[in-house]
Amino acid sequence: MKIIACYSMKGGVGKTASAVNIAYWAAKSGLRTLLIDLDPQGASSFYFRVKSSPQKNWSSRFFKAYSQLLKQIKASDFDQLDIIPAHLSFRHFDLLLQQLSKRQKRLRQALKGLKKEYDLIILDCPPTISKLAENIFYAADLVLVPVIPTTLSERTFDQLTQFFKHESYSRKKLIPFFTMVDARKQLHKQTAISMRKRYKRFLRNAIPFSTDVEKMGKYRAPIDTFAQDKQANKAYLALWQEIQQEIQAQ
Ligand SMILES: Nc1ncnc2c1ncn2[C@@H]1O[C@H](COP(=O)(O)OP(=O)(O)OP(=O)(O)O)[C@@H](O)[C@H]1O
Ligand SMILES: [Mg+2]
């Protein structure tokens, strides 16, 4: 079982759109896939039409035993794809982690219990750099980072690599890819060229800026279900195939 995080400390960069489409393609390619929506905003749960548990404050059980996670798993409308939906109480994850022992390893320990049930776990992460983020960096085999090719996003990615270096996380885990790319913009072109020179691990495939990604909110589904022949859909499939190679190379 492999664990992939869709992570950036920057908000609104396409973490959720990517987690949803990658989870969809992973399941379609035959992997038993679990998407965990760690963001209390619950956007990926919304896209998959899955409701969160009525149980109050279940975040307090999240890291304690994998049996608690098993109870929260919901089936999606797609074969081989399950979801653990977000809960508003997930906003307390940081406080909770402060109180636990072996706090950096808690997420990995809880997820390891699911290894018989799933081939791939995808984490849709909130935009934070916190104790939860440290758990994510420790747990994930790959940390996929969507990057919009602009100056500020470049700066944020530099900060993330510095943080990995400083805290001695393996920088090999960090896999950036470009998203919301507008080929007509000179700034996007130049930033992409200069970042690819500096960071060799950038995925070759990029996601274009596309209204078909925005329409996921209207259809509440992965792009392939309503815009099969469109460029954004093909881009996510190609991106997934590249990620699959990264997983296999591990
Ligand atoms: N490739 C794209 N082209 C056009 N719009 C996009 C693209 N990717 C994402 N969006 C839109 O941008 C907004 C933010 O995307 P998304 O929710 O995936 O980002 P996020 O990083 O998960 O945000 P947050 O930090 O709030 O969790 C959404 O309205 C989404 O529809
Ligand atoms: Mg999100």
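Me: Hello! Which residues does K173 touch, and what makes each a contact?

Reply: Leaving out residues up to four places away in sequence, K173 touches F137, Y138, A140, D141, L142 and V143. Contact means heavy atoms within 4.5 Å, so these residues qualify. A word on the background: this is a predicted model, where local features need pLDDT of at least 70 and side-chain atom pairs count only at pLDDT 80 or more, while totals for chains, interfaces and linings use all residues. Residues are numbered from 1 along each chain as its sequence is written, chains are lettered from A and ligands numbered from 1 in the order in which they are written, and side-chain values use heavy atoms, without hydrogens and water.

Me: Where does K173 lie?

Reply: K173 is in the loop between α8 (151–166) and β7 (174–178). Helices (H or I, at least four residues) and strands (E, at least two) are DSSP runs, numbered from the N terminus.

Me: Why is K173 said to have no salt bridge?

Reply: Lys and Arg count as positive, Asp and Glu as negative, with His and the chain ends not counted. A salt bridge needs a side-chain nitrogen of Lys or Arg within 4 Å of a carboxyl oxygen of Asp or Glu. The nearest side chain of opposite charge to K173, that of D141, is 6.4 Å away, so there is no salt bridge.

Me: Why is K102 called exposed?

Reply: K102 has a relative accessible area of 59%, so it passes the cut-off for exposed. K102 is found in the loop between α5 (93–99) and α6 (106–112).

Me: What makes N57 partly exposed?

Reply: The relative accessibility of N57 is 38%, so it falls in the middle class. N57 lies in the loop between α2 (43–47) and α3 (59–62).

Me: What makes the phi of N57 worth a mention?

Reply: Most residues other than glycine have a negative phi. The phi of N57 is near 50°, a positive value in a residue other than glycine. K102 also has a positive phi, near 45°.

Me: What makes a set of residues a nonpolar core?

Reply: The members are buried Ala, Val, Leu, Ile, Met, Phe, Trp, Tyr and Cys residues joined through side-chain atoms within 4.5 Å. The largest such core has 45 residues, and F62 and L123 touch the most other members. Helix α7 (residues 131–139) gives the most to this core, with five residues.

Methods
Buried < 20%, exposed > 50% of the residue type's maximum accessible area, 1.4 Å probe, protein only.
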